[in-house]
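Biologist: Hello! Could you walk me through this chain, one feature at a time?

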Amino acid sequence: MAPAVVFAYLNTAHAHDAEAGRQEAKEACAGCHGPDGNSQLPTVPSLAGQLPRYLILALYQFRSGHRKSEQMTPSAAELSDEDLGNLAAYYAAQKPAPPARSTDEQKTAAARQLAEADHCTQCHGPDLTGQEHVPRLAGQHFEYLEQQLRGFRAATRGDIDGNMTSAAEPLSDSDIDLLAEYISDLSTP
Amino acid sequence: MALGAKGTLFVGNRLRDEVMAVVDRGDHREVKHIAKGLAAPNGVAFGNGTLYVAERERIIRFDDIENQLDEPPQPSVVLDGLPQQPSHFWKFLTLGPDGWLYFNQGAPFNIGLPNYIQATILRVNPATGILETYAQGVRQSVGSAFHPVTQQLWFTDNGRDWLGDDLPSDELNHAVAKGQHFGYPFCHQGDIVDPEFGIFRSCAEFTPPDVKLGPHVAALGMRFYTGDMFPAEYKNNIINAEHGSWNRTQKSGYNLTRVELGPAGNVLKSEVFMSGVLQGDDFWARLVDVLVMSDGALLVSDDWNGVIYRISYQKA
């Protein structure tokens, strides 16, 4: 469920400027998130091919303080509403790199079951490629995913309405590792 | 949304930190920012010149607000110290005919055993600051209104997730007195015992809903249509806004629903009042609340687009 003004911006006929987004990203984001949105740092998420509504939402939450991060809080502080849309348009259009790891068959089957049983697929979609403002997870860095899941479970990770905190609550450490490994290995259709 | 005595429209917000006021100047409308830096100031209610706002853990008041829209006063606190919880913390506020402020304290999760003050409808007396539990077993109610004739509280309730696409339904309930239990987490929609918490219980113990509004439709704000603009048969009907589903394979909801009641407040029928937001499996809005204006038009808020619509009726 989304901040009203942010989606007002997104849903009007206003065309976001992906080129302006590219410029902004080059100056402000590429250092950590990679030149084309594919991050080389395992705890920094890749942004290439992420859903635009989620990108806007995440930047909005960093800027507003709903979500706190030592790196992202100062980065997002100066962003205008226009910047949010432009950056989102740029990153959404980038091509995600293929996943680096590979998981064994048994673990994959177990993880897929867990993703269904814990209802990940209900919001994140059957291939975990996301929908609307629910982020695409497939192919994301293992370490980043693990960090976020632990954060949700500890209720320290900013959560819009408590869904992810609730969802992560029953996960054991090994569940989190299994899910993160499986998700990071999902290739993008 | 809440309407001031001078026609000011007050708008709360679940995710932004501010409350806004919309003033109609005839040929244009002005939006004023009444308060900033609030925590999920979703619930708004107006009475006797005062705007009440329900944040995630407290209720505050702005006295004589309509005369100070450009330089709003600092609010004073009506009630503080409500439970800190990660989920279902946003509140819907209704001022009762008895002068008490009624609001929800949702279950802090999808399904589980809430504490004594959660999954409830609470009420606070703004004059004394005294808090009471009004109803229990209400998972998360984000819409309520008092029947203009019977003076009973009617409210929507959002059903739990992860029992499948078609169960349980969201509910429309009403309370005949303080102290009723509407089922959560033991019984859902009046006739399904929860697979985990309902073992050894029976739904007969609890008050069932008046209407099953449909699974996962996310029934939120509701009002009794008390205006004179719509045809007479709409008088004292309930109009309810649906946010629409997330946890469903095929989306459901996204409508305005109308519930027709008899003179004694008994349900006659329930039907779709407005559809078309959901097109196949795509939607273009998510409806949150409704409000009857003094001319009888119906306002509808939409937090997907950050827009308030106005529905009016004109005889052909």
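Modeller: Gladly! Axes here are lines fitted to C-alpha atoms, for helices over the stretch in contact, with angles from 0 to 180 degrees between N-to-C directions. This is a predicted model, where local features need pLDDT of at least 70 and side-chain atom pairs 80 or more, while totals for chains, interfaces and linings use all residues. Residues are numbered from 1 along each chain as its sequence is written, with chains lettered from A and ligands numbered from 1 in the order written.

Biologist: How many helices and strands does chain A have?

Modeller: Helices (H or I, at least four residues) and strands (E, at least two) are DSSP runs, numbered from the N terminus. Chain A reads α-α-α-α-α-α-α-α-α-α-α along the sequence. The count is 11 helices and 0 strands.

Biologist: How are α2(A) and α6(A) oriented to each other?

Modeller: The axes of α2 (residues 18-28) and α6 (residues 81-92) of chain A come within 7 Å and cross at roughly 95°. Angles of 65 to 115 degrees count as roughly perpendicular (under 35 is roughly parallel, over 145 roughly antiparallel, the rest oblique). Therefore α2(A) is, relative to α6(A), roughly perpendicular.

Biologist: What is the radius of gyration of chain A?

Modeller: The radius is taken over C-alpha atoms, and the globule rule is 2.2 Å times the number of residues to the power 0.38. For 189 residues a compact globule would come near 16 Å, and chain A agrees, with 16 Å.

Biologist: What percentage of the residues in chain A is buried?

Modeller: Buried means 20 or more other C-beta atoms within 10 Å of a residue's own (exposed: 12 or fewer; partly exposed: in between), with C-beta atoms placed from the backbone. Of the 189 residues in chain A, the buried share is 43%.
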